[in-house]
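Please look over the sequence and the model shown here before reading the report that follows.

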Amino acid sequence: MKKSILTTAIFGSLLVWAQSALAEVPEPVDVPYPGTIELKVDATDLAHRIFRVQEVLPVKPGPLTLLYPAWIPGHHSPTGPIEKMAGLKITAKGKTLSWERDQGDVYAFHVNVPDGVKEINLSFEFLSPQNSGQGRVMMTPEMLNLQWDTVALYPAGHYTRQINVEPSVTLPQNWQYATALEQDKKRKNTVTFDDIDFENLVDSPIFAGIHYKKIDLAPGADTSVFLNVFADKAKDLEISDEALEAHRNLIKQAYKVYGAHHYNHYDFLLALTDKLGGIGMEHHRSSENTHKTNYFTEWDKSWLGRDLLAHEFNHSWDGKYRRPAGIWTPTYNQVKRDHGLWVYEGQTQYWGYVFSARSGLIDHDKTMDMLARLGATYDKGRPGMKWRNILDTTNDPTIAQRASLPFRNYQMSEDYYSGGQLIWFAVDAKLRELSHNQHNLDDFAKAFFGINPGDWQVNTYEFEEVVSTLNKIQPFNWTEFLNSRLKGHVNLSDSLADQGWKLVYDDKASDAIKAIEGRYKTNDLLYSLGFMVSNKGSLKDVLWDSPAFNAGLSPSMTIIAVNGEEFDGDMLKDAVTAAKDSKKPIELLVKDFNQYRTIKIDYHGGLQYPHLVRIEDKPDYLSQVLTARH
């Protein structure tokens, strides 16, 4: 009995202690943090790929909680790389202060500031990835990507916009840099920037490197827009007149739609690299982007993925300025609610395709090929739509955090991007239909996002404002229209038919399919046998309830042979074609762990690739959507 009472007492004490530890992280208030934080980053250790950090924080005696950013804008999830932070040391007046990580929040560090101390010094290292298995590579011998959220601790208890910071960075000798930050002074290879609040500091990353070119995309404009290009090799910086014109047209076409912008200047940060990790990340006055090294030098071949800059640029309006209310939080350590991502990312995905076509970044025919592939995804390639809906996938940044999934097509993940895109094609078509083609999504974009020219304070909204804005343009039951697609289990590819184009399948692969197969070294048989397979036979995706799935094929397997012959992608496609006129199943010898077995797929439908063809008795809205504005 006594032991039980003692155990209960100990447990109760521990519970009280744990609760008090959790309660020590103060709630943020919207008042200025006293003083300015000095933040110094040494980014010269290229060999070890280490960013070394020093901070000086004005403080008052007593308990202090320091936070490492967890919820990073653009990630939509608590993915701040806390595991790569090391060597934390805090001192005051030359004496080391002990710190303790919060028991319930690994991103929070508690320290007690002694009496008489007005500032503390802290230092740590950010150990950036050595290879892609550890995360996105951020530092190479030729360039680096500095994201301020990875190299800073900030004091809890204040809105991040109320914390003033003086940032500086020391770069390798003779490197140049680009950022939305304003340079205050430069001494040798150390650059100090103007003071800025912590929220906008995190929103202003840096690209730096040896090989650099700065390109004016809005010559003569009152508000500058620059394309800052870094490359592994100097030769990859050469840009043709055609490519330059297309990028300048991107700015013009965005302005034609919105009629306003929300930055005092804008800087595209673009790395052409085989070494730095891939990224497409939006910011209010800049964006982080990477592309293949042939982006400029092989303009006719490098079109796949060229909608990236259009997508990230559009986010300055949609996502950064106008932001779903649940996605904005006062600090980077509060839970974001992502249900508005179908607008934030879905409509931006729409404009990424549209602006790319209107500007000439991607030509009309290739855009149509990509839209056919998009439509096929939701026509045949998302069996998960039978049990999930698009709105529920807005939780996936937290659920899956972009991890690889066993059956993505059935589980679904972040489908608010492409599924949301199709919803906005449906909205555009309905606006045109109801108004006899007098109104379209351009009108919504201008009314919703193109307001308050020059303002770049976050302007939040709820679902009801989206509906009310649509009703001002064209009265309709938009709540039901949107919710039937967001919360329902409909075939979203129907929005392309609403635009006047029918989705069909035949045995001819489009330019988009060929480009994707070439870049990723795969063979696309999703809509015939029901899988994608690498050129070496490794299965990448098996479509749920497809002929291959039902025959027993799984993404964990490797195809060794087809109909008794050693695997080859072209030979596999030939076998699918030959099976059209045969009653024999296609036989695959597969390796599953250390076992080999033969799987027979009884399929005789031939190769199937998606295309769009005109519906003659419907207006061709889609061609109007993709046509440049003058």
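Is E587 buried, partly exposed or exposed? E587 is partly exposed, with a relative accessible area of 33%, where buried means under 20% relative accessible area, exposed means over 50% and partly exposed lies in between, for a 1.4 Å probe and protein chains only.

## Basis of the report

This is a predicted model, in which local features need pLDDT of at least 70 and side-chain atom pairs count only at pLDDT 80 or more, while totals for chains, interfaces and linings use all residues. Residues are numbered from 1 along each chain as its sequence is written, and side-chain values use heavy atoms, with hydrogens and water left out.

## Salt bridges

The structure holds 20 salt bridges, each being a side-chain nitrogen of Lys or Arg within 4 Å of a carboxyl oxygen of Asp or Glu. One of them joins E587 to K600, with the closest N and O atoms 3.8 Å apart. Because K600 lies in strand β33 (residues 595–601) and E587 in strand β32 (residues 586–592), this pair ties together parts that are 13 residues apart in sequence; strands here are DSSP runs of E with at least two residues, and helices are runs of H or I with at least four, numbered from the N terminus.

D30 and R161 also form a salt bridge, at 2.7 Å between the closest N and O atoms. This pair links distant parts of the chain, 131 residues apart, with D30 in the loop between α1 (2–23) and β1 (36–45) and R161 in the loop between β12 and β13 (164–170). D30 is partly exposed at 37% relative accessible area, and R161 is partly exposed at 38%.

## An open sheet

Four strands form an open sheet in the order β8-β9-β3-β12, with antiparallel pairing, where two strands pair if DSSP finds at least two bridges between them. The edge strands, each pairing on one side only, are β8 (99–101) and β12 (154–155). Between β8 and β9 (residues 108–113), which run antiparallel, there are 3 bridges, and R101 stands opposite F109 in β9.

A search of the whole structure finds 2 cavities of 30 Å³ or more; on a 1 Å grid over the protein atoms alone, a cavity is a set of points where a 1.4 Å probe fits but cannot get out, and lining residues have an atom within 4 Å of a point. The largest cavity holds about 60 Å³ of space, and its lining includes H76, R323 and Y344.

Key. 1 Å grid on protein atoms, 1.4 Å probe; cavity = no way out; pocket = protein on both sides within 12 Å on 5 of 7 lines; lining within 4 Å. Points joined across faces, edges and corners; volume = space filled by probe spheres on them.
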